[in-house]
Amino acid sequence: MKRSHVFGITLALLLSVALMAPVFAQDDADPALDALAYLETIQNADGGFPSGYAPESDLATTADAIVAFVAAGEDPNAVLSPDMANPYYFLGQQVEAGNVVAAGQLAKIATAVVAGGKDVTAFGGHNLVDDLLALQDDSGMFGSGAFDHCLSLVALENAGVELPTGAVDAAVTAQAEDGGWGFAADQASDTNTTSICVQALAATDQADAVDAALAYLESIQNDDGGWPYQSPSDYGTDSDSNSTALVTQALLAAGEDLADWNNPQDFLLSLQNDDGSFGYQTAAPDANILATVAVVPALEGVVLTAWAPVPEAE
């Protein structure tokens, strides 16, 4: 695919793209496109997307939104705000300004850049691969815990980079006795971190770690086919869309048949609203931006490492 950069594009070219780009009209037969149509309504003028907790564009949410558009077969370059900015413009501006320093944020942006066919080694004036590799510590870990670390492995895999020495071992070492991973070293296992780590390790030779993680996920699945963030939890154990979406991706990355797991995509679809958005939980059905960007790839069957080069057969 021809690589392109949003920087330096003239206003005339942007206008021509806007005229040619299709509007993501809602389609009752396509829940993913309905969700994208909703996302377009909440895009900010700078091209980014808010998280729902504040009106400003959010780095991680914007990166996840890009992945959602690509997963549904749409071009995020053509998702233009009223100011003619697309989500890559917002991310590129933030990278160029030096506002992306955390491993997790950098990893999400790197995956979004690769997903859209852009050059991950030349985005916003940075080589995102080199920036990420520079964050690995002496223990082999990236970031402050397993969540950031496994996101970093996903990003490096998508970039076609050989995982650095110690990175896979560090992920396995961080796995808890119950088979899951917690967000940080001192936290109990959660479904979100575990699902990201499963996707990071699915293409490695760590089958035992993946199997243990699947056993953990199986042990806390709810009867409705969904998953909570944690179980037990002081905040309740109702299934939520974000966690269920990530687990669905993990199952697919591990080669599992969703029918054997009570079809979690059905639970996700039960949370879609008339405006195309997804609610967080059955008891919290209002439009949730983070839920919406998370659910689309899961419904489309696209895992977080979908853009990693396929190893050549020996």
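Analyst: Happy to! This is a predicted model. Let's start with Lys-108: leaving aside residues up to four places away in sequence, Lys-108 touches Ala-60, Ala-63, Asp-64 and Leu-151. Lys-108 is found in helix α5.

User: Why is Lys-108 called buried?

Analyst: The relative accessible area of Lys-108 is 19%. Buried means under 20%, so Lys-108 counts as buried.

User: How many aromatic pairs does the structure hold, and what makes Tyr-88 and Phe-123 an edge-to-face pair?

Analyst: There are four aromatic pairs. For Tyr-88 and Phe-123, the ring centres are 6.2 Å apart and the planes stand at 75 degrees. Pairing needs centres within 6.5 Å, and planes over 60 degrees apart count as edge-to-face, so this pair is edge-to-face.

User: Which parts does the pair of Tyr-88 and Phe-123 tie together?

Analyst: Tyr-88 lies in helix α4 (residues 87–96), while Phe-123 is in the loop between α5 (103–115) and α6 (128–133), so the pair ties together parts that are 35 residues apart in sequence.

User: Are Tyr-88 and Phe-123 buried or exposed?

Analyst: Tyr-88 has 0% relative accessibility and counts as buried. Phe-123, at 2%, is buried too.

User: Why is the pair of Trp-227 and Trp-261 called tilted?

Analyst: Their ring centres are 6.1 Å apart and their planes are at 40 degrees. Stacked requires under 30 degrees and edge-to-face over 60, so the pair is tilted. Trp-227 belongs to the loop between α10 (207–219) and α11 (241–253), and Trp-261 to the loop between α11 and α12 (264–269), 34 residues apart. Both Trp-227 and Trp-261 are buried.

User: How do you know that a disulfide joins Cys-150 to Cys-197?

Analyst: Their sulfur atoms are 2.1 Å apart, and the cut-off is within 2.5 Å, so the two cysteines count as a disulfide. A search of the whole structure finds one disulfide. The link of Cys-150 and Cys-197 is right-handed, with 95 degrees about the S-S bond. Cys-150 is in helix α7 (residues 146–158) and Cys-197 in helix α9 (residues 191–201), 47 residues apart, linking distant parts of the chain.

User: And what is the relative accessible area of Cys-150 and of Cys-197?

Analyst: Cys-150 has 1%, so it is buried. Cys-197 has 0%, so Cys-197 is buried as well.

Notes: Residues are numbered from 1 along each chain as its sequence is written. This is a predicted model: local features need pLDDT of at least 70, side-chain atom pairs count only at pLDDT 80 or more; totals for chains, interfaces and linings use all residues. Side-chain values use heavy atoms; hydrogens and water are left out. Rings of Phe, Tyr and Trp (its six-membered ring) pair if their centres lie within 6.5 Å; planes under 30 degrees apart count as stacked, over 60 as edge-to-face and the rest as tilted. Helices (H or I, at least four residues) and strands (E, at least two) are DSSP runs, numbered from the N terminus. Buried means under 20% relative accessible area, exposed over 50%, partly exposed in between (1.4 Å probe, protein chains only). Contact means heavy atoms within 4.5 Å.
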